[in-house]
Amino acid sequence: MEKKSLSMLSASLLTYFVMLTLFILIRVVFLYVSIPLSSSVSDLITTIFIQVGVMFFLCIFMYSKLRHQNLKTTLGEFGYSKIGFMPIIISILIGIVCYFLNMFIASFFSSIISLCGYESVPQFSGGSGDYSVTSFILQVISVALLPAICEETTHRGLLLNGLKPMGIVRAMLISSLLFGLMHLNINQFFYATILGFIISISVVSSKNILPAILIHFMNNFLSTYFSFASHNNWVGGDIPTLITNFIYGGGNLFSYFITSLLFLAALVLILVLLFTWLFKETRIKAAAKLLSDISNINKEFVNPNSTISRDENLIAMYQINKLMSDYNIKSLNKMIFTDIESSARKLTKFELTFLVACIVVGGFVTLSTFIWGVL
């Protein structure tokens, strides 16, 4: 007798819990097992194990098995689909803005937790003093490229998509929280959670995971680039310092507050404009294409010289009329937001258990980095 497949929500939470547990175990092993290689190469090996092995392949294969579906279907559910050139450009711009926003957020929260005695460590330090081009390339792969693809597959593909039955806002909040906790240190938790929510907006806006990957990549790439550029006198290496001096250079608390507020407001405004643009270039254009297809089929239906069989036209018209029902703003909105459920269902005991387990495990390890400095 064929086993019943798990629901999307159950499969997502169970898969994520297994992945999170393995992620922590691998981090512990690589932390206490000495590898006779350079720091950059060692980091790359660790990243391949965790990112590629656990967060990409295990994520896709385990979810597919639990759902009893093929890998192509899973990738489609995760949001892997074609995207236009303009959304790619917009996503890159959003990633650049997110980097500078993260500078502000990271600095703010680092100041707060440092008052509690926590000594923050720079996110990207270029290895153990190695700022060569080879080290830079390895850092880009291990810190920017692989995490962008693999972490987004897990958190925006698996989680954001899988948690949608809870309601889209809850799915965005919980997937962002777990994304922050997944970094397993208090220093990165705050800005990673906020970045996760911003990235979630890009996925909901575009119905595609590729903008999320590009935003994540650009944020991490710029962090890595500026770390190396400041030591190697590369182009733009002094940009973070100039921005920091602009914000903190007033010399008094009032000046700092005003410049910080203006800087933050400008970044948020730019993000709103970019997300509006992304929404128009993806969801709105997709709806417009569907309307165009409807119009073309209507024209073809009344054309006596149509090369398409009358039966095919009748079938197409029936399906489209069923979809559209009344041609008004309400039906157009439904067409644009077809993947977003208006109502949320309650979690089963199974789902609630694994959701709580994921938050507790991630939260415990994150707090441990603050209290005991582990991982």
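**Labels and their grounds**

Mentor: In this predicted model, a nonpolar patch of about 540 Å² of accessible area is formed on the surface by Phe-254, Phe-257, Ile-258, Leu-261 and Leu-262 together.

Trainee: Why does Phe-254 count as exposed?
Mentor: Its relative accessibility is 62%. Exposed requires over 50%, so Phe-254 qualifies. Phe-254 is found in helix 10, residues 253-302.

Trainee: Why does Thr-153 count as buried?
Mentor: Buried means under 20% relative accessible area. Thr-153 has 0% relative accessibility and therefore counts as buried. This residue is found in helix 5, residues 133-162.

Trainee: Which residues is Thr-153 in contact with, leaving aside its neighbours within four places in sequence?
Mentor: Met-55, Phe-56, Cys-59, Ile-60, Phe-78, Tyr-80, Leu-158 and Ile-209. Each has heavy atoms within 4.5 Å of Thr-153, because that is what contact means here.

Trainee: What is the corresponding value for the side chain of Tyr-225 and the backbone oxygen of Val-235?
Mentor: A polar atom of the Tyr-225 side chain lies 2.5 Å from that oxygen of Val-235, again within the 3.5 Å cut-off. Tyr-225 is found in helix 8. Leaving aside neighbours within four places in sequence, Tyr-225 is in contact with Phe-136 and Trp-234 as well as Val-235. The C-alpha atoms of Tyr-225 and Val-140 are separated by 8.1 Å, although the two residues are 85 apart along the chain.

Trainee: How do you know that the span of helix 8 is close to the expected one?
Mentor: Helix 8, residues 210-232, has 23 residues, and 33 Å is expected at 1.5 Å a residue. From first C-alpha to last, helix 8 reaches 32 Å, which is close to that value. Asn-233 follows helix 8 and has a positive phi, near 55 degrees.

Trainee: What makes the chain helical without strands?
Mentor: The chain has 13 helices and zero strands.

Trainee: How many of the residues count as buried, as a percentage?
Mentor: Of the 375 residues in the chain, 46% count as buried. The chain exposes about 19,600 Å², with carbon and sulfur atoms supplying 69% of it. Among contacts with a separation of 6 or more, 78% join residues 24 or more positions apart.

Notes
Residues are numbered from 1 along each chain as its sequence is written. This is a predicted model: local features need pLDDT of at least 70, side-chain atom pairs count only at pLDDT 80 or more; totals for chains, interfaces and linings use all residues. Side-chain values use heavy atoms; hydrogens and water are left out. Helices (H or I, at least four residues) and strands (E, at least two) are DSSP runs, numbered from the N terminus. The expected span of a helix is 1.5 Å times one less than its number of residues. Patches are made of residues with over 30% relative accessible area and no salt bridge: like charges are joined within 9 Å, nonpolar side chains (Val, Leu, Ile, Met, Phe, Trp, Tyr) within 5 Å. Accessible areas come from the Shrake-Rupley method with a 1.4 Å probe; for residues, only the protein chains shown count as cover. A salt bridge is a side-chain nitrogen of Lys or Arg within 4 Å of a carboxyl oxygen of Asp or Glu. Buried means under 20% relative accessible area, exposed over 50%, partly exposed in between (1.4 Å probe, protein chains only). A polar contact is a pair of N or O atoms within 3.5 Å; within protein, one must be able to donate a hydrogen and the other to accept it, and residues adjacent in sequence count only if both atoms are side-chain atoms.
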